[in-house]
Structures are given as C-alpha cells and as structure tokens.
Amino acid sequence: MKLSLVYLAKPVLHGYFRSSCSWRVRIAFALKGIDYDLVPVNLIKDGGHQKSQQFKTLNPMQQVPAVEIDGMVLSQSLAVIQYIDETRPGHPLLPADPKKRAQVRMISDLIASGIQPLQNLYVIQKIGAEKVQWSQHFINRGFQALEPILKETAGKYCVGDEISMADICLVPQVYNAERFKVDLDQYPTIKRLNQALLDIEAFKVSHPSCQPDTPVDLD
C-alpha cells in the first residue's frame, strides 16, 4: 500500500557518474519519473571527496550513493530503491507476486552483495596492478551463478516480462564487466537482457556516459 504523503522537496542524490550503486538509484528515479537534485561526489579527485568530513557526516561509510529524501538520509542503493517503490507511485520495481518478488530480491542481492563489492573502486585500489585479473575472476564467478538463475526466471527481463529491481542491478554490473573485458559471450542470457534494457529510456538517461559529472574525456 502506497503512503499518502505530500513530498515538498526533491530528493538529493550524492553520487558519482560511474558508481554502479549510484547508477542503480538513477535508473530507479527515471523509471518512477522522480525529479531529483544531483550533488556529484568525485571518488578519484584529491584522494576521493567521499573521504571528506562533510561527506562522512552524511554517510559514515564514505560511499555513494547517499540520498537525502523525506527528511532522512539513505545510503544503500537497494534500500533507496525499495523505499521509493513503497512511497511513490509509478512503475513498480518489485512484483506483487511473492515468488517473483523473492526472485527479484535474490538476483539483486547476488549482484549487489556477491559481485559488485569485490570489484568496486575501494577494493581494486587496494589490489593495485592485479586489479583487472581480480575483477575478471569475481565477475566471472558471479556470472557463472547468475546465468543459470536467469535462464529460469527471465522473460523479456530478469524476472518475467516487467522491469524490476533485478534489472536495475544487472545493467551497471554488465557495464563493469565490459570495462574489465569479461567475455560476455559466455553468458548469453545476461547479454540478451542487458541489450534489451539498454534500449529503454530510463537506462539511457541514467547511463554514466551522459551525467553532469561525466568527464569529457571518458574512456
């Protein structure tokens, strides 16, 4: 049941153009038709603006995204997505059917907990020269588990024929896989779903290549 609240202020997204977790929130906002203000947080410049005392006060984990919404700050992308789904009208991001809802959460958690954290910026900075091999290993490990799951759950999209939180998680992770030169031909279901989703406007407008903080010389 949606909450009947009056929302006077736009949400504020503190994020980084190429952060997977920030991108998830941008996709969700776009799918819901939610206008928001962006405060860029450069994770690279000057050692990373997320390490500033000002940002640490906003999010003690010193990670993006941090979203100011309805008088509070939420700092985990899946929490943000589920909150706006529960409080805003528009495209539902989780299915009503309990089994499909569980499948969406399973796929989302597999990506958000089992793959992405092992090759995020903080980790690969610690790994150093072996960062490509490290990232390829853990992305492949996750995709080897994800591919057979999606073969069972997918229709047009990750779970059936409606876009959900699972799709919101999938596309940024495939983008990272491509950055680290993972061979996606090994994962035909993942590849098919990603290609279908990238044709959808919400995924286009939220893409890292076209954000206000995207560098002009993005490789």
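What pattern does the protein chain follow, read along the sequence? I read β-α-β-α-β-β-α-α-α-α-α-α-α. I count nine helices and four strands in the protein chain; helices (H or I, at least four residues) and strands (E, at least two) are DSSP runs, numbered from the N terminus.

**Ground rules.** This is a predicted model, where local features need pLDDT of at least 70 and side-chain atom pairs count only at pLDDT 80 or more, while totals for chains, interfaces and linings use all residues. Residues are numbered from 1 along each chain as its sequence is written, and side-chain values use heavy atoms, with hydrogens and water left out.

**Overall build.** I looked up the radius of gyration, taken over C-alpha atoms, with the globule rule being 2.2 Å times the number of residues to the power 0.38. For 219 residues a compact globule would come out near 17 Å, and the protein chain has 17 Å, so the two agree. Along the principal axes, the C-alpha atoms fill a box of roughly 45 × 45 × 30 Å.

I noted that 47% of the 219 residues count as buried; buried means under 20% relative accessible area, exposed over 50%, and partly exposed in between (1.4 Å probe, protein chains only). Of the contacts (heavy atoms within 4.5 Å) with a separation of 6 or more, 68% are between residues 24 or more positions apart.

**Asp70.** I found Asp70 in the loop between strand E3 (66–69) and strand E4 (72–74). The side chain of Asp70 has a polar contact of 2.7 Å with the side chain of Arg88. For that term I used a pair of N or O atoms within 3.5 Å; within protein, one must be able to donate a hydrogen and the other to accept it, and residues adjacent in sequence count only if both atoms are side-chain atoms. I also checked Pro11: it is 59 residues from Asp70 in sequence, yet 7.5 Å away in space, C-alpha to C-alpha.

**Tyr36.** Pro11 turned up again here, as Tyr36 is in contact with Lys10, Pro11, Leu13, Arg26, Phe29 and Gln211, leaving aside neighbours within four places in sequence. Tyr36 lies in the loop between helix H1 (20–32) and strand E2 (37–40). At 22% relative accessibility, Tyr36 is partly exposed.

**Asn140.** I moved on to helix H6 (residues 131–153), which holds Asn140. Which residues does Asn140 touch, not counting those up to four places away in sequence? I found Val182, Gln186 and Tyr187. With Tyr187 there is also a side-chain to side-chain polar contact of 2.6 Å. Asn140 has 18% relative accessibility and therefore counts as buried.

I looked at the loop between helix H2 (53–58) and E3, where Pro65 is found. A cis peptide bond joins Val64 to Pro65, with omega about 5 degrees. Gln62 lies in the loop between H2 and E3 too, and its phi is near 55 degrees, a positive value in a residue other than glycine.

Lys181 also has a positive phi, near 60 degrees. I placed Lys181 in the loop between helix H7 (165–179) and helix H8 (188–197). With a relative accessible area of 69%, Lys181 is exposed, whereas Gln62, at 27%, is partly exposed.
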